[in-house]
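The tour goes from one selection to the next and says what is to be found at each stop.

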Amino acid sequence: MTQVGTALREDAAGAVAVDVLLGGVQAAGELGLSRHEFARAVQLGIVRAGPRTIGGAARFARAELDRVRSAAGPPGALRERVETVAGAQAAAEVVGVGPSRFTRLARCGHVIPVGYRINRYRAVVWLYLTTELRSFAAREPGMLRGIAPSADRELMAAGADLRPRKWRGRHVGLLLGRAADPWERAAVLASVLPEAELLETVPDPAERIVLAALGPPPPYGHPQVPAAAAVATELLKAGPPDEIHWYRASLDFALVQARGQSKSTGERGPT
């Protein structure tokens, strides 16, 4: 069923205008994107969501779709920006190297996943933006041949895999870019901390309730099957001690701003 609504906004001259709001399926169709491609465009901030329905479903203003279309460029350019490949084999073909070299490049943090899926063996399959892979190949031709740098060799010898951490950093950055106020920013940062670390960082139960209520949903493509969801959920939480420390410190700072907002407006969280 097509979901269409309206919202009021002020135009550049200060006059009140009416925006037509469309559901995600119709909005994707109007941009010539599949549901998956449209979700990626929203994730990357290419398409900005409008007011949600009472049930929480995202809606998109027709004016926003017109803006995206006008900025997209030639036909097919928008689709190219959100195109992804899954796994080392497919990504290696884009870059022009073998799968083992690409895996090393990814594990050492030279290319950053944009998403993931969990296969039937409960293994993580990382997704990469095709445009970013091509840009990397053009920018770093020396990384595609010859002996690995000493830093990479040390990381591989230690069994390091920076893909989860690099993906989390990217994911959190995109979410923070869409956060509407300090409490939402704090909620994004809180969502990355393991439970024990969150309890220490936010000892006030009332604040934790607010942060949980404002926390972001799992990313598009997060599996629903419990066994696969358990694997994917681990990707959403910070792991290495220095990463946890960074998110704790960032959350502390965000909460100072959020509490200040509550004291001045009486909204969102405890005062």
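Select G115 together with L127, which is its bridge partner in β6; helices (H or I, at least four residues) and strands (E, at least two) are here DSSP runs, numbered from the N terminus. This is a predicted model, in which local features need pLDDT of at least 70 and side-chain atom pairs count only at pLDDT 80 or more, while totals for chains, interfaces and linings use all residues. Residues are numbered from 1 along each chain as its sequence is written, and side-chain values use heavy atoms, with hydrogens and water left out.

Strand β5 (115-118) and strand β6 (residues 124-129) run antiparallel and are joined by four bridges, where two strands count as paired if DSSP finds at least two bridges between them.

Now show the whole sheet, an open one of three strands in the order β4-β6-β5, with antiparallel pairing. Because β4 (84-86) and β5 stand at the edges with a single partner strand each, one side of each is left without a neighbour in the sheet. Between neighbouring strands of this sheet the average turn is 25 degrees, direction ignored; axes are lines fitted to C-alpha atoms, for helices over the stretch in contact, and angles run from 0 to 180 degrees between N-to-C directions.

Phi of R122 is near 65 degrees, a positive value in a residue other than glycine. Is R122 buried or exposed? With a relative accessibility of 55%, R122 counts as exposed, given that buried means under 20% relative accessible area, exposed over 50%, and partly exposed in between (1.4 Å probe, protein chains only).

At 15% relative accessibility, E37 counts as buried. Which residues is E37 in contact with, leaving aside its neighbours within four places in sequence? They are G32, R79 and V82.

For another buried residue, select A228, which has a relative accessible area of 11% and is found in helix α13 (residues 226-235). Not counting residues up to four places away in sequence, A228 touches I118 and P223. A line drawn from A228 to G24, C-alpha to C-alpha, covers 25 Å in space, and the two are 204 residues apart in sequence.

A pocket is an open set of points on a 1 Å grid over the protein atoms alone, where a 1.4 Å probe fits and protein lies on both sides within 12 Å along at least five of seven lines; lining residues have an atom within 4 Å of a point. The largest pocket holds about 1,500 Å³ of space, a volume being the space filled by probe spheres set on the points, which are joined across faces, edges and corners. Its lining has 43 residues, and V42, R52, A58, R178 and P217 lie nearest the centre. Helix α2 gives the most to this lining, with six residues.

The second largest pocket has a volume of about 230 Å³. Of the 15 residues that line the second largest pocket, S191, P216, P218, L236 and K237 are the closest to its centre. Two or more residues of this lining come from each of α9 and α10, and α9 gives the most, with five.

Finally, zoom out to the protein chain, which has 14 helices and six strands. The C-alpha trace spans about 60 × 50 × 35 Å along its principal axes, and buried residues make up 39% of the 271 residues.

Definitions and conventions:
Contact = heavy atoms within 4.5 Å.
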